[in-house]
Every structure is written in structure tokens, then in C-alpha cells.
Amino acid sequence: MSITYRPCKDINDYERIRAFLEESYEFYGTRFDDNLSLFEFQTALSRGMAEPVTSIDDALKNVLLWFHGEKVVGLLEEDAFCLAPGYRQIFKEMVEAGERHAACSGSREWEVYDKDAEFEDVLLKKGYLKSEEYWVRREFDLTDTKSLQFKLPQGFSIKSVPELVDAQQVYKAYKLCYGIEFNEKIFNKMYETSTYRPQLDLVVLDNENEVAALCSGRYEEKNKLVTIEAVSCFHQYRRKGISKALLVHLLNEAKELGASKATVYTAMPEKHPAPNRLYESAGFQLVGNRFVWKKGND
């Protein structure tokens, strides 16, 4: 039976992708970057940013899927890829397909874990070079029965995002994390996803009910995995221990949900030391560094 690929078509493919990502995590563990939480979040984000709100069909029209018979064995998005265990040999075909589909906007980049020779060899032969830019994957073991402790400064409190009356404060906090404008449409789409949990979408309020910090995570129930999307604190509230207290609160909430692990992706520590120090101080352990590969003449 041959392996074929085609663009994602409809809601049925969306469900196939969800199942494929859940199953793939069982093999790769937290070294797996394109997990279900990230996929649902990015799809909700792209749908809500459009005017009017786009359908799932339109949001995923540029996603490529590889099939072995009726089974999804590979996925290629604009900035991510995933291959099922036992199908890593089709990465060369995936790179070629990605270049064809990116032809109108220039060559694309690839992110590969350091010393993943099977992927690195393909990229080298295709004229790519490993850049100095990389991302860091970390994980936290939530199976320890002890509850984590870290107190907020006096006068500050933690609330779930859906509890807040002033939506503009939330949009402002999310923009601090992601650098883009959020709106009600995006949040409504996020709330509909299977991985959204209000107790993992949190803010810290000061004594005047102003948002001081945000910590947001998603929960993949089948694999008992919490993916932390962002932790950020407004400048005037920093150096008070607020971010760490909020992160610890989210981890305790994750344990209550039944999660066994939490994972987070950060930019390289040399350029962004603060978030990396935060996760290290909270007890997150290094999983690996994922380097950006670019064409040699870029």
C-alpha cells in the first residue's frame, strides 16, 4: 500500500489529525512538539483572527497530510511537522512538498532536535544549514504527591480568565504574551476546544483588580499532559515572585485535573533569560533543544 499526501479538506480531516496527534504523543512523549493542545490552540487562533470567523476547512486548507491507506502518518503545517513512528523515512518527501508549497513566499525553515541525525542528514542534502537559533523544550513531573508551594505577595489574587468582567484587560495580557491582538471571537473558539480548561487559564490581579500577570495552559486528557502556552508579567509588577507563584498555582491545578506531566517551549536563553530562569527555578527539566534550519544562502 503506497503512501500518499494531499491538503487537509474538511472537519473529518480535523478529527483525523486530532487522533493522530494523540497517538503520536504516546511514542514521542514530551519530545513531541506538535501536540494536540498546540494544534487546537493555533487552529482556534487562526479562525478567530479572520473577519468573518473562518471555518475549520478554511483554517486548515494549507495543512498537508500524508496517508498510509486511510491512516494519517504525517502532517505538515506552515511552521511544524509530525511523522508517525515508523514513517520517518518520508521526511525527505515532506521537505520537498513543503518547499513546493512555500515557493511563492520563499524557502521555509525547519525545526529539528539537536543530533536527530535522520532528519539532519536530509536537510543537509537539501542545502539547509543549522542556524544558531533554537528553542528549548522542558518538562515537569506532576506525579509527585507533594503539593507545590509559592505564595503571592500580599494584596494580589488569582482568577480564571472566564471569571473576569473586563475582557480588554485579558486581551492586553494575552498580547503581552503573544504579540498579537486577541478578541472575543478568538476566545470563543478557544473555549470550544477539547484541551481548554478554565482552571489553567489564569491571571493575577492586584489590589485594584488590574491584571498583573497571565499564565495559560491546555490539558490533553488522554495523555494526561498539560502544555503551558505562556507566562508573562507586566513590567511594573516584576521581581515580586508573581510569575512563579502563578506558575506553581497552575501546576497544582494540573495535578488536580489528573495530569502526570507539564511541558513548555521557550526561546533560546541567551536572548530570553527571564522565562528560562523561571521554569528552571520551578523545577522544570530539560528535554532537548530544537534548532532552526535554514537554506544555506538565506
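What share of the contacts in the protein chain with a separation of 6 or more comes from residues 24 or more positions apart? The figure is 73%. Keep in mind that you're looking at a predicted model. Here's a quick tour, going from the whole chain down to single residues.

**The whole chain**
- If you count the pieces, the protein chain has nine helices and 12 strands.
- Its radius of gyration is 20 Å, close to the 19 Å that the globule rule gives for 298 residues, so the protein chain is as compact as a globular protein of that length.
- Picture a box of roughly 60 × 40 × 40 Å along the principal axes: the C-alpha atoms of the protein chain fill it.
- Of the 298 residues in the protein chain, 49% are buried.

**How helices pack**

**Helix 4 with helix 5**
- Helix 4 covers residues 91-101 and helix 5 covers residues 117-125.
- These two pack at an angle of about 45 degrees, and their axes are 10 Å apart. That angle makes helix 4 oblique to helix 5.
- The crossing of helix 4 and helix 5 is right-handed.
- On the helix 4 side, look for Phe91, Lys92 and Val95; they meet Phe119, Val122 and Leu123 in helix 5.
- Sorted by class, the contact of helix 4 with helix 5 has five nonpolar residues, one charged residue and no polar ones.

**Helix 2 with helix 7**
- Helix 2 and helix 7 have axes that come within 8 Å and cross at roughly 145 degrees.
- The crossing of helix 2 and helix 7 is right-handed.
- Helix 2 brings Phe41, Ala44, Leu45, Arg47, Gly48 and Met49 to the contact, while helix 7 brings Lys185, Ile186, Lys189 and Met190.
- In the contact of helix 2 with helix 7, the residues divide into six nonpolar, three charged and one polar.

- Thr193 lies in the loop between helix 7 (184-192) and strand 8 (201-205).
- Is Thr193 buried or exposed? Thr193 is buried, since its relative accessible area is 13% and buried means under 20%.
- Leaving aside neighbours within four places in sequence, Thr193 is in contact with Glu40 and Ala44.
- Thr193 and Ala44 are 149 residues apart along the chain, yet their C-alpha atoms are separated by 7.8 Å. Ala44 also turns up in the contact of helix 2 with helix 7.

**Backbone details in the loops**
- Check the peptide bond from Glu51 to Pro52: this one is cis, with omega near -5 degrees.
- You'll find Pro52 in the loop between helix 2 (36-49) and helix 3 (56-59).
- Asn209 isn't a glycine, but it has a positive phi of about 65 degrees. Its place is in the loop between strand 8 and strand 9 (211-220).
- Arg239 isn't a glycine either, and it has a positive phi of about 65 degrees. Look for Arg239 in the loop between strand 10 (225-233) and helix 8 (242-257).
- Arg239 is exposed, because its relative accessible area is 89% and exposed means over 50%.

Notes
Residues are numbered from 1 along each chain as its sequence is written. This is a predicted model: local features need pLDDT of at least 70, side-chain atom pairs count only at pLDDT 80 or more; totals for chains, interfaces and linings use all residues. Side-chain values use heavy atoms; hydrogens and water are left out. Axes are lines fitted to C-alpha atoms, for helices over the stretch in contact, and angles run from 0 to 180 degrees between N-to-C directions. Helices (H or I, at least four residues) and strands (E, at least two) are DSSP runs, numbered from the N terminus. Angles under 35 degrees count as roughly parallel, over 145 as roughly antiparallel, 65 to 115 as roughly perpendicular and the rest as oblique. A crossing is left-handed if the near helix is turned anticlockwise from the far one by less than a right angle, and right-handed if clockwise. Contact means heavy atoms within 4.5 Å. Ala, Val, Leu, Ile, Met, Phe, Trp, Tyr, Cys and Pro count as nonpolar, Asp, Glu, Lys and Arg as charged, and the others, Gly among them, as polar. The radius of gyration is taken over C-alpha atoms; the globule rule is 2.2 Å times the number of residues to the power 0.38. Buried means under 20% relative accessible area, exposed over 50%, partly exposed in between (1.4 Å probe, protein chains only).
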